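Here is a friendly walk through a protein model for someone meeting it for the first time. Have a look at it before reading on.

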Amino acid sequence: MTPDHTGAPAVPEETWRRAVELVTAAEEVALACHVSPDGDALGSMLATGQALAALGKRVVASFGDQRFGVPRLLRFLPGQGLLVEPAGYPAAPALMMTFDASTVERLGLLGDSAAKARELIVVDHHPGNAGFGTMSLIDPGVAATAVLAEELIRRLGVPLDKDIATCLYTGLVTDTGSFKYDSTTPAVHEMAARLIATGLSPELIARDLYDRSPFGYLRVLGAALSRAELDSAAAGGLGMVWTYVTRADRALSGLPYNEVEGMIDIVRRADEAEVAVVLKEDDDGAWQVSTRSKGAIDVGRACHLLGGGGHARAAGFTSYQPVTQTVAALRGVLLPPA
């Protein structure tokens, strides 16, 4: 049974045993996480990659973005020497592992490699993940994919060091909202204590994740906040606050797309809204929609209906429709609890 289990079906012991056998027998392991990786996706993958390298495995790790690059906020993570661009990723890995990806589509350019892998181990904690691999290390009852990654590393017999722990801690702190969300259980704090005991600095990690932005971010944030709207009738009358960021906004300040991820955490502070939404136009003209809920609305369900997914309180989807149509579509599926 995985640590931090909160009632959802845990990974069966036999599945853990078989996963360890596959990894132990492999000479090379190909790792992948979801596109536009966040702290949990990239942190879990790099932590596992470093553990496998410590066992003498050949490791290759990647994510399937058209414009490959580690988000600036995550460039402090150790283990990035394992990363290759999608073009250099194995076409048909003997053993492939995915991290924090709820569907094969979330692997982007690496989806074909997943389809051709001889063995595919899916490591994830999203409740909508039905398991698209040959083996599933999936437990929606844990706070982050990093929890499952730590358990796998433990079962492989690799001791935690500062670099591995830094990656796991990043996954844990980002997916619990700096230990603010209700997924923060006693077991989460116990895991954090194990990781901090390796000598990592929570202060430095928090500074990189939350307290650093280029000056242009302030200008783009100001533009987004100036057009924020409060829809008191949305979400069954519980309210929705929303805004958007265009490519033109970013171009004026020379701001890359991945720098606007944290805006949702500012917009969500509005007391009058249960749901917060930020639409971000990417470099290809599509709208990447981030949603957050304070608990009364399941935004994961709503985003799933619109082709995306995520968790009950944090989810997203991609839209190719104009802003007003996208917001209207989301508004129509935000249902209050029965």
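**Ground rules**

This is a predicted model, so to speak of local features a pLDDT of at least 70 is needed, side-chain atom pairs count only at pLDDT 80 or more, and totals for chains, interfaces and linings use all residues. Residues are numbered from 1 along each chain as its sequence is written, and side-chain values use heavy atoms, with hydrogens and water left out.

**The whole protein**

Let's start with the big picture. The protein has 13 helices and eleven strands; these are DSSP runs numbered from the N terminus, with helices being H or I over at least four residues and strands being E over at least two. Its radius of gyration is 19 Å, close to the 20 Å that the globule rule gives for 338 residues, so the protein is as compact as a globular protein of that length. That radius is taken over C-alpha atoms, and the rule is 2.2 Å times the number of residues to the power 0.38. Along the principal axes, the C-alpha atoms fill a box of roughly 55 × 45 × 40 Å.

How much of the protein is buried? Buried residues make up 50% of the 338, where buried means under 20% relative accessible area, exposed means over 50%, and partly exposed lies in between (1.4 Å probe, protein chains only). The protein exposes about 14,500 Å², and carbon and sulfur atoms supply 52% of that area. These areas come from the Shrake-Rupley method with a 1.4 Å probe, and for residues only the protein chains shown count as cover.

As for charge, the mean positions of the 29 positive and 40 negative charges are 2 Å apart. Here Lys and Arg count as positive and Asp and Glu as negative, while His and the chain ends are not counted. Each charge is placed at NZ of Lys, CZ of Arg, CG of Asp or CD of Glu.

**A six-stranded sheet**

Now for the sheet. Six strands form an open sheet in the order β6-β7-β8-β9-β11-β10, with mixed pairing. β6 (229-231) and β10 (309-310) stand at the edges with a single partner strand each, so one side of each has no neighbour in the sheet. Two strands count as paired if DSSP finds at least two bridges between them.

Strand β9 (residues 287-293) is mostly covered, with six of its seven residues buried. Its antiparallel pairing with β8 (residues 275-281) runs over seven bridges, and V277 stands opposite T291 in β9. β8 and β9 form a hairpin with five residues between them, and in that turn G285 has a positive phi of about 90°. β9 also pairs in the antiparallel sense with β11 (residues 314-319), this time over six bridges. There, R292 has A314 in β11 as its bridge partner.

**Some single residues**

Leaving aside neighbours within four places in sequence, R247 is in contact with E281, D282, D283, D284 and G285. The C-alpha atoms of R247 and V70 are 177 residues apart along the chain and separated by 20 Å.

D208 lies in helix α7 (residues 202-210). Not counting residues up to four places away in sequence, D208 touches L73 and F76.

T103 sits in the loop between β3 (95-99) and α3 (111-116). T103 and G309 are 206 residues apart in sequence, yet 9.0 Å apart in space, C-alpha to C-alpha.

Which residues in the loop between α5 (162-175) and α6 (186-196) are worth a look? S178 is one of them. Its phi is near 60°, a positive value in a residue other than glycine. F179 is in the loop between α5 and α6 too, with a positive phi of about 65° although it is not a glycine.

Here is how open these residues are:

| Residue | Relative accessible area | Class |
|---|---|---|
| T103 | 32% | partly exposed |
| S178 | 30% | partly exposed |
| F179 | 22% | partly exposed |
| D208 | 18% | buried |
| R247 | 37% | partly exposed |

Key
Contact means heavy atoms within 4.5 Å.
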